[in-house]
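Open the model in your viewer and keep the selection tool ready.

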Amino acid sequence: MSFKSEINRRRTFGIISHPDAGKTTLTEKLLLFGGAIQEAGAVKSNKIKKGATSDFMEIERQRGISVATSVLAFEYDGIKINILDTPGHKDFAEDTFRTLTAVDSVIVVIDVAKGVEQQTEKLVEVCRMRNIPMIVFINKMDREGKDAFDLLDEIEQKLGLNVVPLSFPIGMGYDFKGIYNLWEQNINLFSGSSRKNIEETIEISDLKSEKLDTLLGTKAAKTLREEIELVEGIYPKFNREAYLKSEQQPVFFGSALNNFGVRELLDCFVEIAPKPRPKRSEERLVNPDEKEFTGFVFKIHANMDPNHRDRLAFVKIVSGEFKRNTPYLHVRNDKKMKFSSPNAFFAEKKEIVDISYPGDIVGLHDTGNFKIGDTLTEGETINYKGVPSFSPEHFRYINNADPMKSKQLNKGIDQLMDEGVAQLFTLELNGRKVIGTVGALQYEVIQYRLEHEYGAKCTYENLNVHKACWVEAKDSKSEEFLEFLRVKQRFLAKDKQDQLVFLADSPFSLQMTQQKYPNIKFHFTSEFE
Ligand code: GDP
């Protein structure tokens with residue numbers, strides 16, 4: 001197959017949802033369609049149920065054994081599909097944000113009873129800001145939930161999307177009878193009483209057909225005809241260009257658990273979802289079909305086995321072909337590196353591959369050379385944008401609890417930060433280290449891992465910070481800026497990239513500071529134009 005057709009047949013996406021909406025179940029059903037797994041239950045949920053560290057450790061341990069779950073790849077209809085796993089737990093939202101830099105599109109799963117939930121809002125906002133094409137899947141139609149039209153309204157209002165239903169439910173909950181497929185203009189009905197079987201679907205190609213009355217009963221058939229007329233009246237026609245620009249979002253209804261409506265989703269997905277897209281770097285726009293390889297690290301997975309301290313760096317291939325045993329430039333370190341055993345991922349396993357294409361993810365064994373956001377190329381200096389740090393929500397001093405082990409502690413902190421577990425800020429005033437996280441759970445995870453993987457002990461001390469603001473000065477020699485540095489010294493720190501950060505202790509003090517120093521910009525993310 002030619003290089004071009006390899007690119008054209010790849011679809012790399014992520015499934016995002018609030019925990020419990022059905023992401024794992026849907027993923028599993030997609031893999032079943034692809035023949036990538038044989039039975040349900042094969043995909044491990046990465047859910048943190050009790051919100052406890054032990055839970056997280058258990059998940060990490062399992063994942064360590066089967067890191068393949070971070071990327072699930074399968075073939076369907078000649079299309080190579082790569083699903084990137086995104087943690088649903090809010091404490092790991094940053095991990096999900098970073099994974100979203102490596103997808104070309106997403107599927108958003110919404111629980112029909114719960115509607116738009118908090119995590120969905122946050123994640124969709126990030127996708128909207130980055131113009132990532134989205135398809136919405138409304139799940140659990142076998143349960144009583146919100147009225148379809150009300151829910152579509154809610155999605156438009158809360159998520160700021162422009163929805164276009166491409167399938168529509170026939171009934172709901174106990175009365176859920178099937179799906180009208182507006183995309184293919186046919187109907188799939190559950191048959192029999194079990195409502196568990198996908199094979200038992202009946203196709204009707206015309207909404208006017210009398211067969212519909214026979215199957216649904218006159219009343220239900222009438223309701224459906226009216227509803228579809230309403231759908232076609234209210235919502236715009238599907239426009240693929242608008243979807244690709246993230247200006248329009250197709251919606252599907254179904255039940256992942258019962259495997260209903262999933263094939264409709266998948267069939268449409270492979271047809272409309274984008275192939276690998278060009279990516280902006282600081283230097284220029286890079287096209288997938290360029291001959292030279294470029295890629296970037298979006299995730300680092302630690303080996304939880306203390307006897308094997310190596311890590312796996314996940315690289316998204318943006319352009320060219322990635323080949324085994326070929327020297328590539330690690331741009332940040334300005335060093336050539338070769339990889340003798342790059343891993344490719346499949347549904348349940350990983351394998352060494354000789355060649356990978358744009359859209360693919362390769363796992364590279366790493367002994368500490370990589371950081372999230374690092375770029376590999378054939379020699380050109382390219383730095384990919386879009387792997388920013390966000391202001392953490394929680395801040396604590398980290399103290400060394402075992403003076404004999406300060407080296408181990410520093411190394412441990414360093415490596416965990418490179419993995420993106422949390423962010424480190426070093427105070428300008430006294431060099432004290434502050435750890436910033438999205439959720440409180442990470443502090444326990446860091447403590448646990450420092451002890452078990454690096455033999456170091458730490459304690460934490462509270463620190464009152466409202467937000468970390470990355471500082472941008474128009475003129476770093478100006479009176480104003482020098483005064484700011486002097487007056488606010490107590491609140492200044494450097495992040496791991498040596499960027500200056502203002503740790504505002506309250507919304508009020510941030511506001512006052514902004515007013516007092518109008519020529520200084522305060523950003524809530526580490527990357528700005
Ligand atoms: P995740 O947290 O988004 O990965 O959600 P899961 O896939 O683990 O699903 C959460 C729960 O909802 C599980 O108990 C599933 O069995 C259940 N579930 C998923 N899809 C459906 C569905 O279509 N109908 C019903 N009734 N339950 C579902």
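A polar contact here is a pair of N or O atoms within 3.5 Å; within protein, one must be able to donate a hydrogen and the other to accept it, and residues adjacent in sequence count only if both atoms are side-chain atoms. This is a predicted model, where local features need pLDDT of at least 70, side-chain atom pairs count only at pLDDT 80 or more, and totals for chains, interfaces and linings use all residues. Residues are numbered from 1 along each chain as its sequence is written, and side-chain values use heavy atoms, without hydrogens and water.

**Stop 1: the ligand**

Select serine 255. One of its polar side-chain atoms lies 2.8 Å from an oxygen atom of the ligand. The protein covers 81% of the 580 Å² of accessible area that the ligand has on its own (Shrake-Rupley method, 1.4 Å probe; for residues, only the protein chains shown count as cover).

Go to threonine 25. An N or O atom in its side chain is 2.5 Å from a ligand oxygen atom. At aspartate 20, a polar backbone atom is 2.6 Å from an oxygen atom of the ligand.

Now show the whole shell. It holds 17 residues, and the closest are Asp20, Lys23, Thr24, Thr25 and Asp142 (a residue counts if one of its heavy atoms lies within 4 Å). Helix α2 (residues 23-33) gives the largest share, three residues. Helices (H or I, at least four residues) and strands (E, at least two) are DSSP runs, numbered from the N terminus.

**Stop 2: the open sheet**

Which order do the seven strands of the open sheet follow? The order is β2-β3-β1-β4-β5-β11-β6, with mixed pairing; two strands pair if DSSP finds at least two bridges between them. β2 (71-76) and β6 (163-165) are at the edges with a single partner strand each, so one side of each has no neighbour in the sheet.

Select β6 and β11 (residues 249-253). They pair in the parallel sense over three bridges. Look for valine 163 opposite glutamine 249.

**Stop 3: the hairpin**

Select β8 (residues 178-181) and β9. Four bridges join these antiparallel strands. Asparagine 181 stands opposite asparagine 186. Four residues lie between the strands of this hairpin, and glutamine 185 in the turn has a positive phi of about 55°.

Stay on β9 (residues 186-189). Asn186 and Asn188 point one way, Ile187 and Leu189 the other, and all are buried (under 20% relative accessible area, 1.4 Å probe, protein chains only).

Three bridges join it to β9, antiparallel. Glutamate 203 is the bridge partner of asparagine 188.

Note on methods. Buried means under 20% relative accessible area, exposed over 50%, partly exposed in between (1.4 Å probe, protein chains only).
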